[in-house]
Structure formats: C-alpha cells, structure tokens
Amino acid sequence: MHKVIRQMSQLRLQAPQGAALLRSADSSSISPAISPVSPPALQSKSLHTAASAGMLCAKWNKYNYGPRKWLEYNKTVHPPQETDEEPRNAYVCHMRSNIKYSPDKMWYIAAFVRGMSVDEALKQLNFVLKKGATDVKETILEAQQIAVERHNVEYKSNLWIAESFVGKGRVFKGVRRHARGRFGKVEYKHCHYFVRLEEGEPPQHYYQEPQTPEQQYESWMEQMRSRKIINSL
Amino acid sequence: MEKLASAKTCLKLLQVMPGVQQAALLPGGGLGVLASPLQNLIQMQQVRHRQTKHWKPEFKRLRKLKFVKMDLPNLREKQEDITKEEMRSRMKERGVLPPRPWMERPFHISCTGGIFEAYVPPEGDGKKSIISTSGAKQKLEFLEKKSKSLMAVRKIRSYDENFSSDDFGAEAQDIYIQAHTHMAAKDKYKIREFVSERCYPEMMHNVKDKTIRWKFLQSLEPPRVVHARVTEVITKENQFAQVTVRFHSQQMLAIYDRFGRLMHGSEIITKDVLEYVVFEKHISNEYGKWRLHDKIIPDWLPAKQPAPITYRLIEDAEEPPKELSAGDAEVKQVDSVGEQSKEQLPLATPVESHTKPSLAI
C-alpha cells in the first residue's frame, strides 16, 4: 500500500513542477498559467480512482460488524421481584455505529448530555454547535422510542441518560501533498455513540458530590494523621 | 474540508433558528426590553465565523488541491436505500457476480397454516343451563353438527387405531399443560414436541423479554372433543387431522417484564378459563404426533382485562402496537388468534369441502 501511495504522490508532484516552470517562463501573463493546471488534475483523478478502488476493496470486503456487545444488555431478563420490594427501574441500551465524525470531538457532546434527563438533553442538543450533536439527538430519540415500545417503560419523559460514551470506529487513511516530494497522512475518522437510558429522575450529582468545607477539612485532617513521616523515630 | 465547513455553517444556522422563534413568540408590549438583548445575542451568533478559518484566505483553493480525493464509503447507508442500478454498478466495480435467481430448497410440510372449518362455539357456552330454551337449542345444534365430526373421527381412526374421542380429551389436556409449562420455562427445544410449527413463533414471541409464571390448578369440567376435521394437502394421501377440544379449567398466570415488574395477572388470584384449543396431527406420517395448533376465540367472550400500564393509543393503526406489547402473553395470543380466525371465516364459508388451507412453509 505504501509503495502505491509513493508512486501516486510522485506522479502527481511531477505535474506541479511542470506548471511551476511554465509560470516562471511567463510570469507576466496569467491566462497561460491556468490552462496547464487542468490537464494534470484530470490525469490525477483518473489515476487515483482505480488505485483507491483497489485500496478500498480490501477494506470493504473485510467483516465489519461494529460493536455488538452493547446491545446484548437489552436481552438481560431480571428475575421477578416480590411485592414489597422497590420496583426495579427499566433501562435501555442503544447505539449508533460508524458516524462520520471524530471521536475526540464527539466526546464533548457525549460528556455534555451525561446525567441529564432525556427532555433536557434533547433541548440542549438543539443549541450545541457541533456536527455530531444531530446524530446524538437522533440516537437518544430512537432509544426513547424503543424504551416505550419494547421495554415496558410507561412514560417516555421519565427517562434520564445514565451512560453516554463514544467509541472509535473505522479510520480511512488519505494522502495530502507536501513540498519536496513528501506527503502527509490524512485520517478520515468514524466513531460509535453509545447511550443507556434509565427510568426515573436524574440524580442530583451524577459525578462525585462536591464536599462542604467541613468535609474537606475532615478529609484533610484524616490524611494528615495517617501520613507517614520519614526519618522519624 | 470545504463541504464540512459549509455543512457546519448550515448546522449553525439551523440551530440558531429555534432562538429566533423564541424571540418571535415573546409578547412585544411588556417584554420589549427583554427582546432586544435576545436579538443582539442571535445576531452575535449569526456573525460568528467558523472555527477552522485559516489566517491566509487567498490560498484556500491551493490548500484544497493538496488533498488527494478518495471516495469514502458511506458506512451508514441502508441496503434498501440503494437503487438497483447503483447496486449493479457497484457489483461490476468489485467484480462480484449476481446471485442465482432461483433457490432450490426442500419443502417439508409438517403442519397446515391455519384452522380449516373452524369450530364456532355456541354463545354463552359453559354458563347457560340445559333447562333454558337457548340451552336446549344449543343441544339440538350440537347434535346436527356432530355427524361431520363423526365421519372425521372415523377417518382418523382408519389411520390411528388407538384414537378415541372420549379418551383424547385427557391426552389433549396433558399436551396442553406440557406446552404451556415449557412456554413459561422458555424451553424452546422441548416445546417443539407439543406445539406445531405454526403455533411456535406466536408462543415464543409472546415469551420474549418476559418472565411467565403459569400454573394449571384444576379442571372444572372434563375436556371434551367438540369438533374434528380431516383434510389433505397437495396430494390425496397427505392427510392432516384437526381436533378441537373444549377446556374449562382453573389457572394462575402472572407475567413479569424484563425488569421483574408485574405486567399482568397475579400469582395469588386464580382465573376460570374457557378455551377451545385446536390440536393437529399429520396422520399420514407414521411418527406424527398430536400437537397444539391454535386457539379459537369466540366473539361473545368478554374482553380481557387490560394491562395497568398507561399507553398511548395510536389512531392510525387498527390496534395500537403498544397495547399488544403491554398486554400479557395470553392476550397477545388471543388477539392474534382472533385475527387469524376472522381472516379464515370468509375462506371457510364459500367452500365447505376440499378446502386446502395455506401452507405454513
């Protein structure tokens, strides 16, 4: 694959050199400089089509199911409860695989809606100025619908986002031309988005509860008392 | 990259529009003071440039030319969205031959696709006394319908010497109990011995994602064969027999959902159940067995108790799918069986004999 990439880049880099020569010869006139540029572009397009098809065929033919374990949690059947026990809250796991978006950027959206109620998350995602927010919103709507239709959830507004995280999907490597016969690598990244909706009200503090000054003082004192003083008796 | 940038700009404009609507919704008179800062905020957002802007815009076109264009496959496209010509051109590109247009598969017909000449239970069965006029009429009608069943029983006995309509009730009850017990236990391999292939998907679909507690307490009346029919499928020698048995029993049913919460029924309360169950056997097959095939739900039966869950009634569909999913297994089976019987009634009325039901293939 690398040999093919180098040959492609060398072939393409020869054409700009020719164009540069033409520009240096006729620096005064602009119109001759434009016309020589288009034929190399056509040639390069025709060249890379076959090569890219050859490259991508191997990728296409590989088995690519995406993650499969996350949706298996929907098949867990919990044992029946007694009448005096607290009823178990329903939960639904859902995902959307191979979204054409960077997982590093999608993480911000996933972390943003974590711990929100579903209605609040859908409201907030309308104002998130990122391309992946649309996919996240659609995934949450799908999960909400599945919860009501298949998992015996009574009210669709009585759900909150218990888990929301991003996985890496497929990465296609592209090529970008640099100077002096060199080339740079371009990564076209995909990501998977996973969400788990749980029934009930969202908790007051999804992450660690912020400590009051008294609690901070107590933990500091505990740490001070339990520390090891070296070079002591 | 430029496409992505333009897409981002469009997304930003689309996402800003709800804000505009909110500003428009505000009443102009009293809250006019509040509206202007909102509009300023909206204008500020609209003026915002994209984050990937380069500091030297005059070479934007040359920067674009640095990228070697490659056709990224759309990993999220669905098979049904691709047109035939597109699929054909892709297969040509990859050198894939089209699949064979014909498929050779062996057929094995082990049960029929429905009930032929379904039994119509008399109204108020199990409740009205013989002394009343309607009870007496039912007795007379029963005698009229019995002759055809007797001929069918004689036909069954010519294939199966041990068959007796008086003794078949107990055997049928045993099959019935075994089928429901294995259904509740989700034993999908053992249930095949007691349930025909037509009935199997309905039962297993009802059991999916649920826990069922079912118990057969006692039989209020001895099970009785009320109907029998024999028909052939494709050839004269391929005979199938269907026998309808009337059960009046006391049962306990409790259905829990995926999370162990009670959906329907109770483990304490017992219910009297009046059922007309159809059993089928491939009598031409030497090793054929009597298996539970279908249930007949009379129209006069009172409606089942709905599930306590709140559901939304979808007015477009004839029956809301939410109700089906929320209901219990019996109600689901009842509803589906009711539909099947309704569909078959117009088929059964024009043709009396030589009816060939649809095959469960």
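Leaving aside residues up to four places away in sequence, Ser102(A) touches Lys189(A) and Cys191(A), where contact means heavy atoms within 4.5 Å. This is a predicted model, in which local features need pLDDT of at least 70 and side-chain atom pairs count only at pLDDT 80 or more, while totals for chains, interfaces and linings use all residues. Residues are numbered from 1 along each chain as its sequence is written, chains are lettered from A and ligands numbered from 1 in the order in which they are written, and side-chain values use heavy atoms, with hydrogens and water left out.

Ser102(A) itself lies in the loop between E1 and helix H3 (103–113) of chain A, helices (H or I, at least four residues) and strands (E, at least two) being DSSP runs numbered from the N terminus. With a relative accessible area of 17%, Ser102(A) is buried, a term that stands for under 20%, as against over 50% for exposed and partly exposed in between (1.4 Å probe, protein chains only). A polar atom of the Ser102(A) side chain lies 3.3 Å from the backbone nitrogen of Asp104(A), and the C-alpha atom of Ser102(A) is separated by 9.6 Å from that of Val171(A), 69 residues apart along the chain.

Turning to strand E1(A), eight of its nine residues are buried, so E1(A) is largely enclosed by the rest of the structure. E1(A) runs antiparallel to E3(A), and seven bridges join the two; strands pair if DSSP finds at least two bridges between them. Within this arrangement Met95(A) has Phe194(A) in E3(A) as its bridge partner.

The last topic is the interface, where 53 residues of chain A are in contact with 39 residues of chain B. Between them the two chains bury about 4300 Å², 58% of it on carbon and sulfur atoms, buried area being the accessible area (1.4 Å probe) that two parts lose on being put together, summed over both. The count between chain A and chain B is one salt bridge, a side-chain nitrogen of Lys or Arg within 4 Å of a carboxyl oxygen of Asp or Glu, and in it the side chains of Arg261(B) and Glu199(A) meet at 2.8 Å, N to O. Helix H1 (2–25), helix H2 (31–61) and strand E2 (159–177) of chain A are among the elements that each supply at least two residues of the side of chain A that touches chain B, and E2(A) gives the most to that side, with seven residues.

Methods:
Polar contact = N/O pair within 3.5 Å; in protein donor to acceptor, adjacent residues only side chain to side chain.
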